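Work through these exercises on aromatic rings. Keep the structure open as you go.

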Amino acid sequence: MKHIAARALVGLAALGLATAASAQVKPEDMIKFRQSGYAFMAWNMGKIKAQVVDGAVPYDKAQVEAAANVIAAVANSGMGALYAPGTDQGKGWEKTRLKSAFFQQPDEVRKIAMNFVKQANALQAAAATGDPAAIKAQFGETGKACKACHEKFREEE
């Protein structure tokens, strides 16, 4: 019982620190961090695609598993803290393409984000099996989860 209470206290302290830290981040830095995270995730999605979808590069279980681990890590990293009101305007590394509707539909955002995390975690699990067919199928589901957010809340280039 004492261990549960101690873990809860540590968790609350960590949450408080994370909240305080994100409150000190400038909006343009939030946009940069988001853009960097998604660019890194896209690069890793590309590695998986080249190996198990397109076959342009020979399949390497270790590389695919590492890429899937990165995608899941970014998905689970708490990037939602980088979406403060007002960060639909401005520039990070480039002008943000976040639509203002993102802040007007929090329930839809939450639903899409939760599905993305679920699909990214499933991709990580599929990659761990080493089964290219399973990875390919889950890669498609993960891509659909990414696209769902892009279609609703991301401006075209």
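**Exercise 1.** Which charged end sits over the ring of Y83, and how far is it from the centre?

Solution. The model is predicted. Start at the ring of Y83: the charged end of R34 sits over it. The distance to the ring centre is 4.3 Å. Y83 belongs to one aromatic cluster, together with F102, F103 and F153.

**Exercise 2.** How many aromatic pairs does a search of the whole structure find? Classify the pair of F40 and W43.

Solution. The search gives four aromatic pairs. For F40 and W43, take the centres: they are 5.9 Å apart. Now take the planes: they meet at 25°. Planes under 30 degrees apart count as stacked, so F40 and W43 are a stacked pair. Then locate both residues. They lie in helix α2 (residues 27-53), three residues apart, about one turn of the helix.

**Exercise 3.** Are F40 and W43 buried, partly exposed or exposed? Which charged end sits over the ring of W43?

Solution. F40 has a relative accessible area of 40%, so it is partly exposed. W43 reaches 51%; exposed means over 50%. W43 is therefore exposed. The charged end of K47 sits over the ring of W43, 4.2 Å from its centre.

**Exercise 4.** Classify the pair of F102 and F153, then state what it ties together.

Solution. The centres of F102 and F153 are 5.7 Å apart, with 85° between the planes. The pair is edge-to-face. F102 lies in helix α4 (residues 101-104), F153 in helix α6 (residues 132-153). The pair therefore ties together parts that are 51 residues apart in sequence. Both F102 and F153 are buried.

Technical notes. Residues are numbered from 1 along each chain as its sequence is written. This is a predicted model: local features need pLDDT of at least 70, side-chain atom pairs count only at pLDDT 80 or more; totals for chains, interfaces and linings use all residues. Side-chain values use heavy atoms; hydrogens and water are left out. Rings of Phe, Tyr and Trp (its six-membered ring) pair if their centres lie within 6.5 Å; planes under 30 degrees apart count as stacked, over 60 as edge-to-face and the rest as tilted. Helices (H or I, at least four residues) and strands (E, at least two) are DSSP runs, numbered from the N terminus. Buried means under 20% relative accessible area, exposed over 50%, partly exposed in between (1.4 Å probe, protein chains only). A charge sits over a ring if NZ of Lys or CZ of Arg is within 6 Å of the ring centre and within 35 degrees of the ring normal.
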